[in-house]
Amino acid sequence: MMLPDRYRIGARLAGACVLGVAMALSVQDFAEARSVDRPPLPAMGPSLRKTVAFATTEQPGTIIIRKDEKALYLVTRQGQALRYQISVGRDGFGWTGVVQVGAKTEWPEWRPPQEMRARQPELPKMVPAGPYNPLGARALYLSRDGRDTLYRIHGTNDPSGVGFDGTSGCFRLTNTDVIDLFKRVAVGAKVVVQ
């Protein structure tokens, strides 16, 4: 069944943070969509998590992101990790380094960074917290030296958008997996992006 346009607005937002493509959503469209009945909640998506053998000198609780593999590893003990399938930054938006989880939020609001809005002026200034937000069910905010990097590890309301080079530098998991990761990771956890 095809939903009317006003119901598909949430779906169009579902990957905005990370797709980096022009969206046909204006602030007025978004406000109008909030004033009508909502479609059913977006699917949480499958779990793409696996327990794997993983050799590292990093301590349990550390996140290691291997962009070439499109995988996020959470070290659980020496020689073992949980592996989550992710989407990573498309050409020109990838980055490497060591950061920390500076904060965690359930059903976060989304404020597109100024640079993203310059590329896509039709983006709203802010999308309120909730199940139709493009950051999905949870977000881990990445910081360096106590400053927000504007990059996130977050969920998505479009599970088919996981496993690709398609973000603007964030790391995207299914909502099911980001909820699991969120419960396991502490604020202050080390994140190594390779």
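The accessible surface of this chain comes to about 9500 Å², and 52% of that surface belongs to carbon and sulfur atoms. Please keep in mind that the model is predicted. Of the 194 residues in the chain, 46% count as buried. The chain holds 5 helices and 11 strands, and a search of the whole structure turns up 8 salt bridges.

**Overall fold**

- Nine strands form an open sheet with mixed pairing, in the order β1-β4-β3-β2-β11-β6-β7-β8-β10.
- At the edges of this sheet sit β1 (50-54) and β10 (171-172), each of which pairs on one side only.

**Inside the sheet**

- Strands β7 (residues 138-144) and β8 (residues 147-154) pair in the antiparallel sense, over 5 bridges.
- If you want a residue pair to look for in the viewer, A139 stands opposite H154 in β8.
- Helix α5 (residues 175-184) lies across β3 (71-77), β4 (79-85), β6 (97-106), β7 and β8. Relative to β4, helix α5 runs at about 140°.

- Side chains of opposite charge can pair when their charged atoms come close.
- E106 and R138 meet through their side chains in a salt bridge, at 3.8 Å from N to O. This pair links distant parts of the chain, with E106 in strand β6 and R138 in strand β7, 32 residues apart.
- E69 forms a salt bridge with R66, where the closest N and O atoms are 3.6 Å apart. E69 counts as partly exposed at 35% relative accessibility, and R66 counts as partly exposed at 26%.
- E109 forms a salt bridge with R111, and their closest N and O atoms are 2.8 Å apart. With a relative accessible area of 36%, E109 is partly exposed.
- R49, D180 and R184 are linked in a network of salt bridges.

Notes:
Residues are numbered from 1 along each chain as its sequence is written. This is a predicted model: local features need pLDDT of at least 70, side-chain atom pairs count only at pLDDT 80 or more; totals for chains, interfaces and linings use all residues. Side-chain values use heavy atoms; hydrogens and water are left out. Two strands pair if DSSP finds at least two bridges between them. Helices (H or I, at least four residues) and strands (E, at least two) are DSSP runs, numbered from the N terminus. Contact means heavy atoms within 4.5 Å. Axes are lines fitted to C-alpha atoms, for helices over the stretch in contact, and angles run from 0 to 180 degrees between N-to-C directions. Buried means under 20% relative accessible area, exposed over 50%, partly exposed in between (1.4 Å probe, protein chains only). Accessible areas come from the Shrake-Rupley method with a 1.4 Å probe; for residues, only the protein chains shown count as cover. A salt bridge is a side-chain nitrogen of Lys or Arg within 4 Å of a carboxyl oxygen of Asp or Glu.
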